[in-house]
Protein chains: 4
Amino acid sequence: MRNRARILRIARGQLAAGDRSLQLNAIARLAGVGVGTVYRHFPNRHALVEALSEERFRELIGEAQAAVAAEDPFAGLRRLLRFALDLMLDAPDFADVLESAGGVGSQASKMMAELDEAVTGLLDRARLTGAVRDCVDAEDVRRLLCGVQHAVRSGDGARRDLYLGVLLEGLRPPR
Amino acid sequence: MRNRARILRIARGQLAAGDRSLQLNAIARLAGVGVGTVYRHFPNRHALVEALSEERFRELIGEAQAAVAAEDPFAGLRRLLRFALDLMLDAPDFADVLESAGGVGSQASKMMAELDEAVTGLLDRARLTGAVRDCVDAEDVRRLLCGVQHAVRSGDGARRDLYLGVLLEGLRPPR
Amino acid sequence: MRNRARILRIARGQLAAGDRSLQLNAIARLAGVGVGTVYRHFPNRHALVEALSEERFRELIGEAQAAVAAEDPFAGLRRLLRFALDLMLDAPDFADVLESAGGVGSQASKMMAELDEAVTGLLDRARLTGAVRDCVDAEDVRRLLCGVQHAVRSGDGARRDLYLGVLLEGLRPPR
Amino acid sequence: MRNRARILRIARGQLAAGDRSLQLNAIARLAGVGVGTVYRHFPNRHALVEALSEERFRELIGEAQAAVAAEDPFAGLRRLLRFALDLMLDAPDFADVLESAGGVGSQASKMMAELDEAVTGLLDRARLTGAVRDCVDAEDVRRLLCGVQHAVRSGDGARRDLYLGVLLEGLRPPR
DNA sequence: AATGAATGAGTCTTCATTCAT
DNA sequence: TATGAATGAAGACTCATTCAT
């Protein structure tokens, strides 16, 4: 699977270079590989995006699981959200995946479930200490964070901490 | 200018139907109008989007100016943000315009300035009552609201009030 | 006929500016006149080109008639061809008209006949002195000169006199 | 590369039939080939024209190199120019290429240089016998011949030999 | 498994021309 | 006479996808 790796590397390079179109033809050319090869590994653009997300997903899930174990659950949540936000800012396509509903049966949806599960645990713990509203669940937090990512991205990036702070305060129980 | 209006109506319909591509050819066909006619009125997709935004912008600016006069500024802000959010949910392209930096010299950027000005006034008043953080300005609020719109849209829409509530609480001065 | 003149002026300007497309729409706009107005005066691009040629034609015919009266017919021919060449280099569209067969019945074809008639006289006189081949007629000379114009134009213009000299020597009876 | 050849054949046919537009879409249809295939082989009209020219260029360069070896250089020149003229009359687009300056770096400009080099040799030899003017170079001859081609084409073709004769006599040193 | 030539539907855009006002 | 909005045929070009080798 040397080719698969090469394709992924090129695709990542394209995204990093600001080209989000991920045209399989172009990637094949850059990877020095036939178009057909790309299509065997990734039947469509989405499959490629998911594959690209996998590594990020693993990182993020790891971080989430670590956060559950944090002494102060709200602090753990803060750390986790900051980590996730940076990940998304760095990889817009990963942000798309996190924001999407996640097609049933896809690899990504499994990882998403794993992620949400960890976050659910974290939220439950935080709720016990009265640090988080009753009604928000892991999916809400994920979506709201994706929203914050859009907000940060539409500005110059300097407002990252402010916007994240707004989200975190907003998640607390209303006074 | 019967045709111009017809084109705008069709374009709005397309957006409402979930097709955000705004293909000028398709719009021409649906509007029962020659392609050339569409191109005469709107030389490119962007011009069309801006025209579509204009009406929404006027509504929104009006609402913002009304909100400044509200007895309770924070209640005014809540009402305004809910109004804006609904507008954006209804018209994704308008959301894009609100989220964009606003190209210099465009019609949209003038209206954006007008909007931000009104919101600035509202925020200033709210700050006097201690209802809003010091550090957020009108642009921040606009961007954050666009973020919330993404969050609501990526879900099933049922979380609109919750997500807006999170934003509003988050805007208050941190405890 | 204020408009007609205005249109012609603009068209000349376009040609002078290197735009040979003579799009009637564009000319109308530049002339501050409706497209329809242009179309009434000049039903198509060709009619406009012919009208533009008229003035040049008159000049050229005048020059040709003067040349017939020259003391030395070959010198007269040389002067005439140089004049015509400069005219064509200055106005590529006029060159096109001179090179074309000239649609029957058009205004241009009448003037072309007038021109050729004068040149025929000049050639006849020159032939009497043995300065010109037997077999070339006015039409040949016109076409060959158009050819020289292409040659000059495809270079940098500096070869004008050389190429004209080649033509003139070539017109002499072969040794 | 069966398709490439087919495309070239069709393109040649179009030109021969008097259609100089070389529309890639039309050629694809006539060649019974997808548009994309044509675009793959020839990204634009110019690339196609150059490819079409290549074969003609080779013929012509061969002929020129042969002419250099002719016993009588002026006779060789006559034969070469007649050959080239027929080639151009047969293929107007090739005439365009020969007449153009030749974009730097293009395949055509390399072949043009080769052609001009051979003609330069021929002219040098002819000059030694006093058969050709001092001041004309290979480029001049090429341009003048293109001019003659225009002249022949604008007439009915019957004047080919006459016009070529005019050029050849004109190239001799003036008396 | 790998290749990459081929496909062609789809989209964008221009511009000569008409015609109701 | 003049206007200019409207037309739509025509042409250029892209790119996701297939399939014979």
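**A walk through the model**

Modeller: Start with Asp116(D), which is found in helix H7 (residues 107–128) of chain D. Helices here are DSSP runs of H or I with at least four residues, strands are runs of E with at least two, and both are numbered from the N terminus.

Colleague: Is Asp116(D) buried or exposed?

Modeller: Asp116(D) is buried, because its relative accessible area is 15%. Buried means under 20% relative accessible area, exposed over 50%, and partly exposed in between, with a 1.4 Å probe and protein chains only.

Colleague: Which residues does Asp116(D) touch?

Modeller: Ala138(D) and Arg142(D), leaving out residues up to four places away in sequence. Contact means heavy atoms within 4.5 Å.

Colleague: What sort of model is this, and how is it numbered?

Modeller: This is a predicted model, where local features need pLDDT of at least 70, side-chain atom pairs count only at pLDDT 80 or more, and totals for chains, interfaces and linings use all residues. Residues are numbered from 1 along each chain as its sequence is written, chains are lettered from A and ligands numbered from 1 in the order in which they are written, and side-chain values use heavy atoms, without hydrogens and water.

Colleague: Now chain A. How many helices and strands does chain A have?

Modeller: Nine helices and zero strands. The pattern along the sequence reads α-α-α-α-α-α-α-α-α.

Colleague: What box do the C-alpha atoms of chain A fill?

Modeller: Roughly 60 × 35 × 25 Å, along the principal axes. Chain A has 175 residues, and 50% of them count as buried. Take its contacts between residues at least 6 apart in sequence: 70% join residues at least 24 apart.

Colleague: And charges?

Modeller: Chain A carries 25 positive and 24 negative side chains. The centres of the two sets lie 6 Å apart. Lys and Arg count as positive, Asp and Glu as negative, while His and the chain ends are not counted. Each charge is placed at NZ of Lys, CZ of Arg, CG of Asp or CD of Glu.

Colleague: Which features does UniProt place on chain A?

Modeller: An unreviewed UniProt entry gives "domain: HTH tetR-type" at residues 1–60 of chain A. UniProt positions use the numbering used here, feature names are shortened, and annotations may be inferred rather than shown by experiment.

Colleague: What do those spans look like in the model?

Modeller: Residues 1–60 of chain A are 77% helix and 0% strand, with end C-alpha atoms 25 Å apart. For residues 23–42 of chain A, the span is 75% helix and 0% strand, and the end C-alpha atoms lie 12 Å apart.

Colleague: Pick a residue there. Why does Arg29(A) count as exposed?

Modeller: Because its relative accessibility is 60%. Arg29(A) is found in helix H2 (residues 24–31) of chain A. Its C-alpha atom is 9.8 Å from that of Ile7(A), 22 residues away along the chain.

Colleague: Switching topic. How many residues are in the contact of chain A and chain B?

Modeller: 26 from chain A and 26 from chain B. About 2400 Å² is buried between them, 57% of it on carbon and sulfur atoms. Arg143(A), Val166(A) and Arg175(A) lose the most area in chain A, together 25% of what that side buries. Buried area is the accessible area (1.4 Å probe) that two parts lose on being put together, summed over both.

Colleague: And chain D with chain C?

Modeller: 26 residues of chain D contact 26 of chain C. They bury about 2400 Å².

Colleague: Where does chain C lie from chain A and chain B?

Modeller: Chain C does not touch chain A; their nearest C-alpha atoms are 37 Å apart. Chain B and chain C do not touch either, with nearest C-alpha atoms 13 Å apart.
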